[in-house]
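Dear colleague,

I am passing on the structure we discussed. Please look it over; my notes on aromatic pairs and one of the helices follow it.

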Amino acid sequence: MTDDLKQIWQAEGAAETFTNPEEFMKRSTGFERTIRRRNLLEYAAGVLLLCIEVPAFLLFAAAGQALMAGAMVLMFVGTLAVMWNLHLRASTLRRRPEQDCRSHLIAQYRRQVEALRTVPLWYIGPLLPGVLGVYGTVAIKAIGVRPVGEIIENIGLPLGATLAFFGFVIWLNLRAAKALQRQAEELEAA
């Protein structure tokens with residue numbers, strides 16, 4: 001038995017099967033920096049949207065355009081919901097002293113996989129009512145003034161482009177979730 005263990009220990013490449021905890025810490029720290037950078041960009045984009053939505057609401061409300069002002073409120077609430085969800089679902093996990101570096105990194109991967117997989121629910125979903133409110137308001141105002149074909153032609157392309165962009169965002173996040181899932185599984189199997 002002792003000889004078997006000794007042979008295993010001395011086997012070529014045996015030292016490579018042991019991973020330095022510092023390596024896990026380095027990978028974990030790098031991944032966390034990436035998450036924080038991504039979230040900061042998302043928060044900045046959210047603040048920029050809020051800076052546009054609030055004056056737009058005031059402008060439409062002052063002009064007596066209640067439907068468009070309502071759509072701006074939906075956009076505002078949707079933006080706040082996305083920012084809150086980002087914090088709640090996709091922020092980094094806090095390090096726990098009792099958890100080893102490898103387990104922490106796996107948990108971090110798993111958290112981000114779940115966040116990316118559910119992007120249609122917590123990221124796109126809250127934005128959709130406001131976007132549809134804006135397009136719907138434009139369509140409602142045009143009904144009776146413009147021919148239906150012209151309304152569909154003028155609104156259809158930008159609405160289609162917006163929905164296609166949302167679809168692209170969902171696809172990118174699902175693709176990233178699969179890649180992270182693979183990394184988590186490889187790390188668990190190692």
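Phe168 is partly exposed, at 43% relative accessibility. This is a predicted model, and all that follows should be read with that in mind.

An α-helix has 3.6 residues a turn, so residues three or four places apart point the same way.

The count of aromatic pairs is three. Another of them is Phe31 with Tyr109, which is edge-to-face, at 4.8 Å centre to centre and 65° between the planes. This pair links distant parts of the chain: Phe31 is in helix H2 (residues 21-62) and Tyr109 in helix H4 (residues 101-117), 78 residues apart. Phe31 is buried, with a relative accessible area of 14%, and Tyr109 is buried at 4%.

Which helices do the buried residues of H3 pack against? They pack against H2, H4 and helix H5 (119-142). The buried residues of H3 include Met68, Met72, Met75, Gly78, Val82, Met83 and Leu86. Helix H3 (residues 66-90) has 25 residues, which at 1.5 Å a residue should span 36 Å; the end C-alpha atoms are 35 Å apart, in agreement with that.

Regards

How values were computed. Residues numbered from 1 in each chain as written. Predicted model: local features only at pLDDT ≥ 70, side-chain atom pairs only at ≥ 80, totals over all residues. Heavy atoms only, no water. Phe/Tyr/Trp six-rings, centres within 6.5 Å; stacked < 30°, edge-to-face > 60°. Helix = DSSP H or I, 4+ residues; strand = E, 2+ residues; numbered from the N terminus. Buried < 20%, exposed > 50% of the residue type's maximum accessible area, 1.4 Å probe, protein only. Expected span 1.5 Å × (residues − 1). Contact = heavy atoms within 4.5 Å.
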